[in-house]
Amino acid sequence: MNRLPLAQVTLCAVDCETPALSALALLQAQRGIQFGRVLLLTRGWLPTVVLPRLEVVDIAPLDGPAAVADFVVRRLHAYVNSSHVLLTRWDAGVLDASAWNDEFLVPDYLAAPGAPAGAGVPGLSLRSRRWLRAGADPRLPDAPLDDAGLLGAQRGFLEAAHGVHIAPEPLARRFAAVDRPAPPGRFGFVGAEHLPALLGEAETLELVQRLPRGFAQAPGAAALAQAMQAQGMTAALQALQRLGGAVPLDR
C-alpha cells in the first residue's frame, strides 16, 4: 500500500509514564503515512524489539501533565527540525490518512476540537516550527506554561511578536474526531474508544495489557469497554476488568 508522503512533518509523542503505549500509537499512525521522522521522547525506556522508523530519545523526567505541557511549550523546538510536528499520545492518532488535507499545514497551531482542557497537552495537535520557537520566547512568564495559557493570556503577545496563526474551529473539527462514531472525513482521533476498531482484537488486547493498573477507574475506561464490547472483544474486556474495579459495559 502506498503511504501518504509527509516528509515535512515529524510524528512525536512525549511520554515518561506509559512509553510502551505511546510507541504502539506511533507505529499505528505510520501505517498510512510516511513521516519525515518519528520521535518518542521519554525517560529511561527502550523497546525490547526493534521498532522500525522509531527514534527513542531520553529526556529529563517529567512528573505529570503540567510538566509535560511546559516541556512541549518551551523545549520541544530543540528536538524538531521539520516544518511541522504532529504531536500525539497513546490514546490518539491517525484515523484516516486519506482525509489528510494540506490546509492543515497553513495555521501554526491546529488541535483536536475542544482542546486544551485544563493543564496538559491536547491529544492530537499539529504545530509549526514557528509556533514551537514562539513558546521558547524568554519574554513569556517564568511560571509553567501550557497550551491553554498560550491560547488565552499569551495569545495577543504571540500573534504580535511572532506572527503566529491559530486554526479556526471548523478546521479543527475536520482535523480530528473526539466523539465516537467519528464523522466521515476526519483525519485523526482523540479517545481510547476509537482504538478497538482501528487495531483489531489482538492488538487491542496487547494495548490493554500495557495499561497502568487502576485505568479501569479513569474517565475513558467505560467508553473503551463499550467500544470493545461492540467489537466482540471478550478477552480484552476481561483484561480491562483485571486492571482493577468494575467497568460498566452497557450504555
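Tutor: A salt bridge is counted when a side-chain nitrogen of Lys or Arg lies within 4 Å of a carboxyl oxygen of Asp or Glu. Side chains of opposite charge can pair when their charged atoms come close. This is a predicted model, in which local features need pLDDT of at least 70 and side-chain atom pairs count only at pLDDT 80 or more, while totals for chains, interfaces and linings use all residues. Residues are numbered from 1 along each chain as its sequence is written, and side-chain values use heavy atoms, with hydrogens and water left out.

Student: How many salt bridges does a search of the whole structure find?

Tutor: The search finds twelve. One of them joins the side chains of Arg-31 and Glu-203, at 2.5 Å from N to O.

Student: Where in the chain do Arg-31 and Glu-203 lie?

Tutor: Helices (H or I, at least four residues) and strands (E, at least two) are DSSP runs, numbered from the N terminus. Arg-31 is in the loop between α1 and β2, whereas Glu-203 is in helix α8 (residues 201–210); the pair links distant parts of the chain, 172 residues apart.

Student: Which salt bridge partner does Glu-159 have?

Tutor: Glu-159 pairs with Arg-155, their closest N and O atoms being 2.9 Å apart. Both residues lie in helix α5 (residues 155–162), four residues apart, about one turn of the helix.

Student: Is Glu-159 buried, partly exposed or exposed?

Tutor: Buried means under 20% relative accessible area, exposed over 50%, and partly exposed in between (1.4 Å probe, protein chains only). Glu-159 has 33% relative accessibility, so Glu-159 counts as partly exposed. Arg-155, at 34%, is also partly exposed.
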